[in-house]
Amino acid sequence: MWWSPRPAAQQVSVTTPVPAQAFRFAAPVLPTPVALIVARWLARALVLVVGLPFRFPIACALLAASLAVWHLFGWVVVAVAWSLVDVGLLVWWRRWPSSFRRWVGLRMLAAWRWWWVYARQWQPVLVVAGLAETYQERQYLPRIRRVTCSEWADRVRVRLVAGTTPADFENRVVELAHGFGAPSCRVVVLGPRDIVCEFPRWDTLATPIDALDVPEAVDLGALPVGLQEDGTPWRLRLHGTHVLVVGVTGSGKGSVLWSAIRAMLPALEDGTVQVWAVDPKRMELSYGRSLFARYADTGEAAVALLEDAVAEMQNRAERYAGHRRSHTPTTEDPFVVMVLDEVAFLTAYHPDRDVRRRAENAIATLTSQGRSVGFCVLAALQDPRKEVMNLRNLFPDKIALRLDEAAQVDMVLGEGARDRGANAHLIDPALPGVAFVRLEGSPMPVRVRAAYVSDADIDAMTADHTSAATVELHVVGEAA
Ligand SMILES: Nc1ncnc2c1ncn2[C@@H]1O[C@H](COP(=O)(O)OP(=O)(O)OP(=O)(O)O)[C@@H](O)[C@H]1O
């Protein structure tokens with residue numbers, strides 16, 4: 001019938017050109033009069049001038065005050081006033097350099113960076129990076145709300161175009177970092193359509209960090225093991241979790257393990273914490289043997305040690321059942337940290353299949369049941385692929401040191417970590433100990449560097465501190 005639409009016609013997409021179409025409807029192109037263009041430019045200039053006092057209130061107030069004084073009293077008074085202000089600033093800078101830097105230096109730097117780096121290059125960088133949106137032939141750009149500077153980074157607060165998401169920025173962090181000449185870029189979401197792009201001005205982790213001071217009180221939920229990119233301490237939680245440290249050979253896995261052990265020294269000495277170490281390479285942990293309650297360096301010994309840990313963990317769980325739901329470290333029930341260097345030796349490379357199977361079972365049991373009864377597995381691994389370590393998902397916390405391939409980043413830190421800027425595969429080999437981690441409560445990866453615990457530091461640690469558990473073993477040995 002003439003009024004019923006034909007099925008074939010309904011399937012034609014509205015955007016598909018139809019060659020035989022008789023009429024084509026398009027918006028007419030009207031030449032814009034020059035007067036309109038000039039008026040628009042003038043309006044934009046006016047908005048800029050009116051907005052300046054809001055953007056730079058102090059600078060504008062000073063300028064206005066200078067003009068007023070000039071008008072009322074003449075230029076000599078202005079020159080004298082400015083000389084006095086300069087002297088005042090000089091005294092401030094010399095006497096209180098940090099407050100001067102915070103209140104004057106960094107604000108001036110932020111104004112300069114806003115204008116020179118970001119405002120000037122915003123449009124080309126965002127358009128080329130694919131972050132400009134087009135609607136009805138008009139281009140919409142996210143807007144810079146504010147630029148602030150800290151000692152090490154610029155923070156550019158951005159208002160997103162409606163309909164876009166922070167993920168669009170997170171997926172373009174590499175383009176943004178290169179576009180604005182920064183070593184990296186991190187996106188922090190503040191609220192709806194409100195994000196901050198953080199651009200470091202230089203690499204704050206370029207110089208090695210010496211072994212940190214041994215803390216007086218041990219906080220097993222926040223052991224100081226290095227520094228974060230913003231200069232604040234990098235703290236590692238061990239109590240109530242398990243940690244997998246992944247990195248190619250020479251990436252500095254040892255420095256993470258040793259920094260964690262160093263941060264627990266007082267607790268090792270008073271017996272509330274024990275380290276049980278598995279060291280198949282015999283190069284990494286053997287150096288500080290006297291600090292460990294148990295130590296194994298062969299496949300069979302390592303499996304026996306892991307199975308002992310499982311038995312002790314199950315015994316503890318049986319005692320706790322129905323009485324308590326969490327563990328508090330005491331000398332009777334110490335917090336046990338199983339430090340497993342090169343864990344793939346046990347799970348994938350050991351020639352004996354039975355050893356591999358038993359080791360894998362024991363590690364799986366410890367990681368799945370040990371958290372609440374005071375057992376933690378801190379393992380180091382070179383290759384994160386499933387064939388080598390299929391237990392990696394049982395480790396809630398992971399640390400990605402330098403990796404071989406881009407695809408390994410998400411394997412270690414979880415999906416989307418590389419898109420959010422965790423370029424662990426691009427870490428400079430000259431920067432061992434540099435890593436990406438995900439801190440609690442935030443999906444954003446953070447760049448960190450572990451402190452380097454040298455052989456001399458380990459010597460000093462073993463000379464000054466001994467594990468209470470090891471002392472006990474010696475005493476038993478002497479008595480026997
Ligand atoms: N945090 C660090 N800061 C500075 N230098 C470091 C750091 N960690 C390691 N290094 C340097 O890198 C070298 C290799 O480190 P390390 O042996 O810890 O790497 P690894 O990942 O454990 O390697 P492998 O898997 O071969 O044992 C060290 O000898 C040391 O010189």
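**A buried isoleucine and its surroundings**

Modeller: Isoleucine 363 counts as buried because 27 other C-beta atoms lie within 10 Å, where 20 or more are enough for that label. The model is a predicted one, and what follows should be read as a description of that prediction.

The residue sits in helix H12, which runs over residues 353–369. Setting aside residues up to four places away in sequence, isoleucine 363 touches Leu306, Val377 and Leu391. Alanine 379 lies 16 residues from isoleucine 363 in sequence, and the two C-alpha atoms are 9.9 Å apart in space.

Strand S13 covers residues 375–381. The largest nonpolar core has 87 residues, and Ala260, Met338, Leu378 and Ala400 touch the most other members. Strand S13 supplies the largest share of this core, with seven residues. Leucine 378 is in contact with Leu238, Val243, Leu257, Ala260, Val337, Met338 and Val339, once neighbours within four places in sequence are left out. In soluble globular proteins, nonpolar side chains tend to be buried together.

Next comes the ligand. Helix H8, residues 253–263, gives the most to the shell around the ligand, with three residues. In total 15 residues surround the ligand, and the closest are Gly252, Gly254, Ser255, Gly433 and Tyr452. By type, the shell divides into nine polar, four nonpolar and two charged residues.

H3 spans residues 57–73 and has 17 residues; its first and last C-alpha atoms are 24 Å apart, close to the 24 Å expected at 1.5 Å a residue. The number of buried residues among the 17 of H3 is zero, so this helix lies largely in the open. Glycine 74 follows H3 and has a positive phi, near 95°.

The UniProt record, an unreviewed entry, annotates residues 20–39, 46–66 and 72–93 as "transmembrane region". In the model, residues 46–66 are 95% helix and 0% strand, with end C-alpha atoms 22 Å apart. Residues 72–93 are also 95% helix and 0% strand, and their end C-alpha atoms are 31 Å apart.

Definitions and conventions: Residues numbered from 1 in each chain as written. Predicted model: local features only at pLDDT ≥ 70, side-chain atom pairs only at ≥ 80, totals over all residues. UniProt positions renumbered as here; feature names shortened; annotations may be inferred. Helix = DSSP H or I, 4+ residues; strand = E, 2+ residues; numbered from the N terminus. Expected span 1.5 Å × (residues − 1). Buried ≥ 20, exposed ≤ 12 C-beta atoms within 10 Å, placed from the backbone. Core = buried A, V, L, I, M, F, W, Y, C linked by C-beta atoms within 7 Å. Contact = placed C-beta atoms within 7 Å. Near = placed C-beta within 6 Å. Nonpolar A, V, L, I, M, F, W, Y, C, P; charged D, E, K, R; others polar.
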